[in-house]
Every structure is written in C-alpha cells, then in structure tokens.
Amino acid sequence: MNVLDIAGLSKSFGSRQVLTDVTLSVPENCVFGFVGRNGAGKTTTMKSIIGLLRPDGGEISVCGERVNYGSGRTNRFIGYLPDVPEFYGYMTAREYMSLCGRVAGMNTGEVRQRTDELLGLVGLSDEKHRIKGYSRGMKQRLGIAQALISRPRLLICDEPTSALDPVGRKEILDIIKDAGRQTSVFFSTHILTDVERICDRVAFLEGGTIALSGDIEEIRRKRGNTAVEIQPEHPSDAAVIAEQFASGEVREGCFVLKNASAQDAELLMQFLLGRHIPVIRFERKEPDLEDMFMEVIGA
Amino acid sequence: MRHFITFTGKELLEMKRNGRLMLFLIIFCLFGIMNPAIAKLTPWLYETLADSLASSGITITEYTVTAMDSWVQFFKNMPMAMLVTVVMFGGLFTSEYAKGTLIPLLAKGMSRGAVVAAKTFTMLLVWSAGYWLSFGITWFYSDYYWDNSAVSHYAFASFGLWLIGVMLLCAITFFSSFADSAAQVLLGVGAVYAVMTLLGMIGTVREYLPTFLVQSAPLLTGEAAPSDYFTAACITAAASAVLAAAAVPVTARRRL
C-alpha cells in the first residue's frame with residue numbers, strides 16, 4: 001500500500017493558479033524527492049497533505065485514509081518538518097519533545113525513551129539551553145527529531161536543507177537517510193544533488209503539475225541520453241570535429257554530441273586518431289538530475 | 001481532553017517563563033493593597049489639603065473612614081486591572097498563529113478546538129486567580145481596620161465585575177479566531193464594550209446589559225438587591241459562553 005496518494009490536486013490563491021492536477025504516490029519505505037523551483041507549489045502541496053490548506057480540487061490519502069481540511073485525523077501517520085520550523089523558545093529541546101510526545105498520545109515512559117533516542121540521533125542530547133538560543137541548523141535538527149517522535153509512517157520535510165551551510169546540510173541529509181530506513185520520507189527541495197544523494201524516487205513539479213516522476217534509476221535509463229564531450233587541445237579543432245559530425249555542436253571550445261551511442265563514440269575516436277587531433281578530455285557523460293530538470297522546465 | 005490538558009500546561013509554563021505570571025501576581029497584589037491603603041490615607045490627605053481648600057471656601061470637618069471607602073476604591077480600581085488583563089492577553093492567540101509555533105503540534109493531530117479551549121481557560125484562570133486575590137486582600141484589610149459588615153452585598157458586586165472580565169476575555173477568544181493581530185482583537189473587544197455602553201443609554205435595555213453589573217454603588221449601600229442584577233448576570237454568562245463557543249468552528253476554518 002502507498003503511504004501517500006495525491007490525485008488531481010489543484011489549488012489557487014486568488015487569481016494565481018498554484019497547482020493544477022498534481023498526481024503522485026509515495027510507496028512504503030521510500031525516500032521521495034519532491035523537486036521544483038522556488039514558488040512552484042511544493043509547500044502548498046505539503047500543507048494540503050497535513051490538512052493546513054484546503055485544496056480547490058483533487059483528493060489526498062495518507063495510509064489509505066482521506067485527508068480532510070482542518071481535521072488532524074490523518075496526521076497521526078505523519079511527522080512534519082516545516083520549511084522554517086518555529087518552536088517555543090522558552091523550552092529546552094527535551095521539554096519540547098515531551099510536549100510533542102504528549103500531543104501525539106504517547107505515555108511518559110515512551111516519550112522519555114523516544115526523546116533520548118531521537119535527540120541522540122540528531123546530536124542534541126547534551127543540549128541544556130533553551131531553544132531560543134539555537135542556530136538554524138540546530139532548530140532544523142530538533143525539527144526532524146520532533147517530527148519522528150511518534151514513529152510516523154510518513155515523514156514530510158519541507159526544504160530541510162535549503163538554508164543550511166554545507167556541514168549542516170550533510171548532517172540533515174544523513175539523518176533523513178537514516179530515518180528513511182524506518183519510515184517513508186517525502187521531502188521537497190530545489191537542490192538536486194541532495195536528491196541524488198538520498199532519494200529512491202523523484203517528482204519534478206513545474207507549472208503547477210508533475211512534469212516527470214518515478215524511480216530515479218528508471219528515469220535515468222529511460223531518458224538515458226548519454227552525451228559525448230570532447231575537449232581538444234586547440235579549441236579551433238572543436239569546429240573541425242563538428243564539420244564531420246553535423247548532429248553535434250560546439251560549446252565553449254568543446255565538441256558535444258548528445259544522444260551518442262557506443263558506436264558514435266567509437267567513430268569519434270577513430271576520427272580523432274585519423275586526424276591526429278590532440279585531446280585533453282574525452283568523456284561519455286551520464287545525464288544527471290540537473291540536466292533532466294533543466295530539460296523538464298525547458299531552460 | 002488530553003490535548004486540552006497538555007496545551008494548558010504549555011500555556012502556564014509559557015506565562016511562568018516569560019514572566020507574565022509574576023507580573024500579574026504583582027499587579028493584582030498591588031491593586032488589592034491599594035484599596036484599603038487609599039481609604040486609610042484619606043483623612044491624612046484631607047488634612048494636608050485642608051489649608052488650600054479652606055482658602056477656596058471649603059471647610060472639612062472630621063472625616064471618618066469606614067470599610068465602605070475601601071470597597072468603593074476596589075470597584076473604582078478593578079476595572080483598571082481588568083483593562084491591563086485584556087491588553088496583556090490581546091495577542092495570546094494571534095501571536096501564536098503569526099509565529100507558526102502551532103504548526104508542528106497541529107501536524108501531530110492536535111485539535112484546534114483544544115487550542116482555543118486551553119488558551120481561553122488559561123486567560124480565565126489567571127484573571128480569576130488575580131481578581132479574587134485582590135478581593136481577598138481588600139476584604140482582609142477592610143475587615144482588619146474597619147468592619148466589612150457595614151457594607152452590603154460586596155461579594156455579589158465583586159462577582160458581577162469579575163463576570164464582565166470573563167466576558168471580555170471570551171470576546172478576545174472570539175475576535176482572535178479571525179483577526180490577524182492583537183490590535184485588531186483589542187479593537188473588537190473595545191467595540192463590544194463601546195456598543196454596550198451606548199445601548200446602556202436607552203433606559204429600558206440598560207438593566208439587561210453586562211455593563212449594568214458595573215453599577216456597584218446601590219448594591220454596596222443596600223439600595224439594590226442582587227436579584228435586581230440577576231438578568232444582567234445571566235445574559236453576561238450566556239454571552240461569554242456564546243463568544244467562546246463561536247470561536248471554535250471559525251478557528252477550525254482559519255488558514256494557518
């Protein structure tokens with residue numbers, strides 16, 4: 001069973017249509033990357049999932065139960081980390097975790113055990129200060145810990161890494177990856193390397209709709225338009241190669257042939273050898289998510 | 001119920017940690033002590049002013065202070081304490097909505113009704129505790145220095161004023177369900193009081209309005225009986241309940 005199903009979700013704010021017919025599913029035990037530009041509607045989608053926004057159309061189900069606006073019933077399956085998490089600054093991390101645990105309906109012993117476990121996981125167990133003195137990264141880590149307290153089946157993280165420094169980013173990604181072993185994770189981002197690092201599946205949100213989604217490896221295979229890029233020692237040689245291979249193009253002193261088969265690569269090499277063209281770099285380039293994303297958004 | 005208890009605990013901890021609880025305690029103690037103190041100082045005040053008053057033709061013969069002076073001060077000062085309470089609680093809901101601190105808790109399935117109930121309960125608890133603390137201090141000193149039996153129905157008159165406070169706090173709950181800022185909430189509460197005062201100018205409606213409960217003087221002197229205030233008290237209680245209850249469905253639809 002899927003932990004999250006979204007079908008035909010649409011939402012507009014005033015005259016601005018933010019989402020039109022968003023459809024996607026998150027299976028169990030999967031880290032799902034939800035990719036889109038700033039303002040693409042990622043947060044709107046996430047807030048609709050936890051019932052904080054009323055969609056104009058479409059249906060959302062969490063673990064088979066339909067989400068209703070204003071009611072928190074389906075939220076018992078969900079752990080949510082908002083994009084800019086705000087906590088009660090006068091509490092300590094431990095006090096806040098205990099508040100969250102009690103709200104989630106856990107008993108005292110369970111709350112204590114889970115708090116120890118999770119604060120250890122996010123590296124805040126020795127933190128005795130109140131939350132108001134926390135850095136952004138620390139708040140983000142506490143955010144993940146509170147989201148995981150009731151062992152949710154779906155962890156939703158809204159751009160958890162976008163405001164962090166490289167060290168903080170790595171820490172958060174490692175924690176999410178860890179969490180992904182026990183629960184499904186649905187996390188939005190506009191940083192594609194983050195998705196490549198931890199996600200199994202991905203969906204690109206563009207123009208208010210899902211432009212491309214699926215298993216990352218599968219997408220790569222399907223869209224596997226491997227390119228060959230040659231950097232000759234003398235930039236002028238790039239044009240010489242392009243004369244012979246008309247489907248390629250010259251880009252910044254390099255020759256690039258898109259959708260190149262193994263045979264194309266072989267022909268290219270023979271040509272270089274035959275013409276004695278000195279080469280600095282000859283590369284068969286696997287497409288990365290960035291290329292695919294750019295292709296999807298038509299940039 | 002679990003959510004209500006948990007969130008009330010959080011509200012009280014918040015009041016304690018941000019120093020508001022202590023501030024309320026000090027304010028209400030001061031208001032309590034002020035009433036008998038002013039009554040006690042009245043003869044001395046008149047004495048010091050006697051010379052200047054005499055030059056303008058007013059002569060004061062000996063002034064005897066009774067418990068009545070202390071209670072008159074109580075009913076003069078407590079509306080001020082009520083105003084302080086209303087202003088301090090004006091942003092209790094809206095600041096939390098604006099900061100987004102509720103989101104992680106709502107995302108854990110906490111009901112919005114519990115939030116409304118817990119915040120309203122906290123306001124009423126603090127107002128009641130503070131108000132009756134002031135009442136107790138005034139009662140004790142008035143009885144210690146003079147004799148409370150010289151004043152009629154002071155307990156019922158105090159109840160009436162307390163009830164108006166309850167209604168205004170419930171009005172905060174109501175206006176907070178759709179207002180965006182503390183200023184808007186306070187404007188709403190102020191408008192409620194203003195409308196009641198204006199309506200009070202119409203003779204026949206007057207005794208059915210919550211503001212009628214402020215008229216404590218006839219009760220203290222024994223000219224009026226508590227039964228004369230019964231309708232106004234019931235209407236005030238009912239209005240409080242309606243205001244607080246109406247906030248629940250409106251808050252449930254609020255965009256956060």
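**Exercise 1: Getting to know chain B**

Among contacts in chain B between residues at least 6 apart in sequence, work out what share joins residues at least 24 apart, then describe the chain's make-up.

*Solution.* Keep in mind that this is a predicted model.
- Start with the contacts: of those in chain B between residues at least 6 apart in sequence, 80% join residues at least 24 apart.
- Next, look at the elements.
- Now the dimensions: along the principal axes, the C-alpha atoms of chain B fill a box of roughly 70 × 45 × 35 Å.
- Finally, 40% of the 256 residues of chain B count as buried.

**Exercise 2: Where the chains meet**

Find out how many residues of chain A are in contact with chain B, and which elements of chain A they come from.

*Solution.* 
- Count each side: 24 residues of chain A touch 23 residues of chain B.
- Sort chain A's side by element. Strand 6 (78-81) and helix 2 (93-103) of chain A are the elements that give two or more residues.
- Helix 2 of chain A provides the largest share, 4 residues.
- Sort that side of chain A by class, and you get 14 nonpolar, 6 polar and 4 charged residues.

**Exercise 3: A look at helix 2 of chain A**

Is helix 2 of chain A mostly covered or mostly open, and what do its buried residues pack against?

*Solution.* 
- A residue is buried if 20 or more other C-beta atoms lie within 10 Å of its own. By that cut-off, 9 of the 11 residues of helix 2 of chain A are buried, so the helix is mostly covered.
- Among the buried ones are A:Y96, A:M97, A:L99 and A:R102.
- Trace their neighbours. Within chain A, the buried residues of helix 2 pack against helix 3 (108-121) and helix 4 (136-148). Over in chain B, they pack against helix 1 (2-17) and helix 5 (103-106).
- Step just past helix 2 of chain A and you reach A:G105, with a positive phi of about 85°.

**Exercise 4: Two domains in chain A**

Locate the domains of chain A and describe their contact.

*Solution.* 
- The domain assignment gives domain 1 (2-221) and domain 2 (223-297) of chain A.
- Taken over C-alpha atoms, the centres of these two domains are 40 Å apart.
- Their contact takes 11 residues from domain 1 and 10 residues from domain 2 of chain A.
- On the domain 1 side, helix 6 (192-198), strand 9 (201-206), strand 10 (209-215) and helix 7 (216-222) of chain A each give two or more residues.
- By class, that domain 1 side has 7 nonpolar, no polar and 4 charged residues.

Terms used: Residues are numbered from 1 along each chain as its sequence is written. Chains are lettered from A and ligands numbered from 1 in the order in which they are written. This is a predicted model: local features need pLDDT of at least 70, side-chain atom pairs count only at pLDDT 80 or more; totals for chains, interfaces and linings use all residues. Two residues are in contact if their C-beta atoms, placed from the backbone, lie within 7 Å. Ala, Val, Leu, Ile, Met, Phe, Trp, Tyr, Cys and Pro count as nonpolar, Asp, Glu, Lys and Arg as charged, and the others, Gly among them, as polar. A residue is buried if 20 or more other C-beta atoms lie within 10 Å of its own, exposed if 12 or fewer, and partly exposed in between; C-beta atoms are placed from the backbone. Domain bounds come from an automatic or database domain assignment.
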